[in-house]
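Here's a quick briefing to go with the model you have open. Keep the viewer handy and click along as you read.

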Amino acid sequence: MANKEIEIKGTLDKLRVHPPPDVTLSELKAFFSRKFNSSGFFQGVKCKLDIIDNGWDVREKDEIRETIKGNNELIEIRFIRPEDEIAPKDIPKMKKAPEIIKRSFRSGQRVAVLGDLIVIGDINPGAEVVAGGDIIVFGKVVGGLVHAGVEGNEEASIFALELAPTQMRIGKILGRAPDDRSRRGIGPEVARVKNGRIIIENYLARGEGRR
Amino acid sequence: MGKSIVITSGKGGVGKTTTTANIGMALAILGRSVVLIDADIGLRNLDVVMGLENRIVYDLVDVVEDRCRLDQALIKDKRYRNLMLLPAAQTRDKTAVNQEQITKLVEGLRDEFDYVLIDSPAGIEQGFKNAIAGAQEAVIVTTPEVSAVRDADRIIGMLEAEGLNDPTVIINRIRKDMVKRGDMMDIDDMIEILAIGLLGIVPDDEDIIVSTNKGEPIVLNNKSRTGEAFRNIARRIEGEDIPLNNNGRGKIVQKIKRMIGIS
């Protein structure tokens, strides 16, 4: 199906959708079920979603709501009139507070957030931790997948008291654990992208850690 | 067209995944092109046993749901280029795929590979049904325990109901000393109950634990007797007539040969 330009934009603390005026109801519903189905990035994400109202009637709005809720019930939906929309330049350059999660992630468990993420707990092999921004783990990452800057932000970084995931991704760059030797017991480390590769550095030896 | 074989057992922990990894690797050593499918969605292990976990980007569910192409999800083995792995998803469950999708996937892979080996989850529910969809043949793994043999028998019945006739069995973790003392079910007893062809006998071996933890299937070790057992199984799958080495218990060997129709 040809994809009419439907865009989801992330603003301060919510998502905003701009359906073009000529989009049909079924196209819009198909778009939402694709975006919010249980396997996409928004799987299990809790957030607010503003939909710019193209003048649908109550029944049509209900159908749209049901499509989204049926895929992810954690999303809060609001229809807003085009004139209520804030122009992007008016949004203050303020960073949203990071999401803080106090628990460990075991095999098969997954968390995904739009902004920065702080986990107070460990990440076990087989778990997945995904964030649009930075990921900071006050605990041990002894395996699993840690993916920062998931929408392509290669400025994002990953910090952990012990950083030994099975695989690490920042933006679209991928790094994997060595096949042979184990990276345990090294101490706090931070990973970021340098010259197109993920570089892991000892946090305390970086200088800035001591400042 | 290649051949699709499901490795299943009913009971958990009898060595399905280790068997799949080793047979797959042994067939690859023989020069065949092989793809291993981990059908245990939500509890994937085959990637770990193969030592390929850190290479996973896409998985079986991504392929089925059209988020990537099949070749993007296939992981090339680091030792044999003719061996590939299609990993399972870890953060999903058995309901993420259905039998038609797996059948279509396996059919497609049979065009490109000599062997498609499917590692089934334990149990008899949807995960098992997904795993056997698309398989032309079945290999049952069991251990010399009454409970494992009971479950294997149940699985044979279920396979027949799905049209998968004439499965073969691999008896895993046999301990000859215990069999000799009469403390362990012997192969005769088990084959009498199951009444299917015996594909191989694999000794109980603590090196298996080391090899699975390291992600290096034991067939890679030329000196290992257990590796030899898996290499022989692969050659039998290839149609070679390799006698079952059962400590010179000629009577049993004869009986088994009769059963699988090679004498």
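Predicted model: local features only at pLDDT ≥ 70, side-chain atom pairs only at ≥ 80, totals over all residues.

Chain A and chain B bury about 1,200 Å² between them, and a search of the whole structure turns up 25 salt bridges over all chains.

**Where chain B meets chain A**

- The contact draws on 17 residues from chain A and 12 residues from chain B.
- Of the area buried between the two chains, 39% sits on carbon and sulfur atoms.
- On the chain B side, B:Asn54, B:Gln90 and B:Thr91 lose the most area to chain A, together 48% of what that side buries.
- Two salt bridges cross this interface; A:Asp179 and B:Lys78 pair up in a salt bridge at 3.5 Å, N to O.
- Seven residue pairs are in polar contact between the chains, and the chain B side that touches chain A splits into six charged, four polar and two nonpolar residues.

**A loop residue that touches both chains**

- A:Thr166 sits in the loop between strand E11 (158-163) and strand E12 (167-170) of chain A.
- A:Thr166 counts as buried because its relative accessibility is 12%, under the 20% cut-off.
- Leaving out residues up to four places away in sequence, A:Thr166 touches A:Gly143, A:Gly144, A:Arg176 and A:Ala177, plus B:Glu53 and B:Asn54 from chain B.

**Salt bridges within chain B**

- B:Arg92 and B:Glu65 join side chains in a salt bridge (3.3 Å, N to O). Each lies in a loop, B:Arg92 between strand E4 and helix H5 and B:Glu65 between helix H3 and helix H4, so the pair ties together parts 27 residues apart in sequence.
- B:Arg92 is buried at 16% relative accessibility, while B:Glu65 is partly exposed at 28%.
- B:Arg67 bridges to B:Asp62, with the closest N and O atoms 2.8 Å apart. B:Arg67 is partly exposed at 32%; B:Asp62 is buried at 11%.
- B:Arg110 and B:Glu107 also form a salt bridge, at 3.0 Å, N to O. They're three residues apart in helix H5 of chain B, which means about one helical turn separates them.
- B:Arg110 is buried at 10% relative accessible area, and B:Glu107 is partly exposed at 33%.
- Shared partners link B:Asp62, B:Glu65, B:Arg67 and B:Arg92 into one salt-bridge network.

**Helix H10 of chain B**

- The buried residues of H10 (207-214) are B:Ile208, B:Ser211 and B:Thr212. Seen down the helix axis they fall within an arc of 95°, so they line one face.
- On the other side, B:Ile209, B:Asn213 and B:Lys214 are exposed.
- The cover over H10's buried residues includes helices H1, H2 and H11 of chain B.
- B:Gly215 follows H10 with a positive phi, near 75°.

Key:
Residues numbered from 1 in each chain as written. Chains lettered and ligands numbered in written order. Heavy atoms only, no water. Contact = heavy atoms within 4.5 Å. Buried area = accessible area lost by both parts, 1.4 Å probe. Salt bridge = Lys/Arg side-chain N within 4 Å of Asp/Glu carboxyl O. Polar contact = N/O pair within 3.5 Å; in protein donor to acceptor, adjacent residues only side chain to side chain. Nonpolar A, V, L, I, M, F, W, Y, C, P; charged D, E, K, R; others polar. Buried < 20%, exposed > 50% of the residue type's maximum accessible area, 1.4 Å probe, protein only. Helix = DSSP H or I, 4+ residues; strand = E, 2+ residues; numbered from the N terminus. Arc of directions from axis to C-beta.
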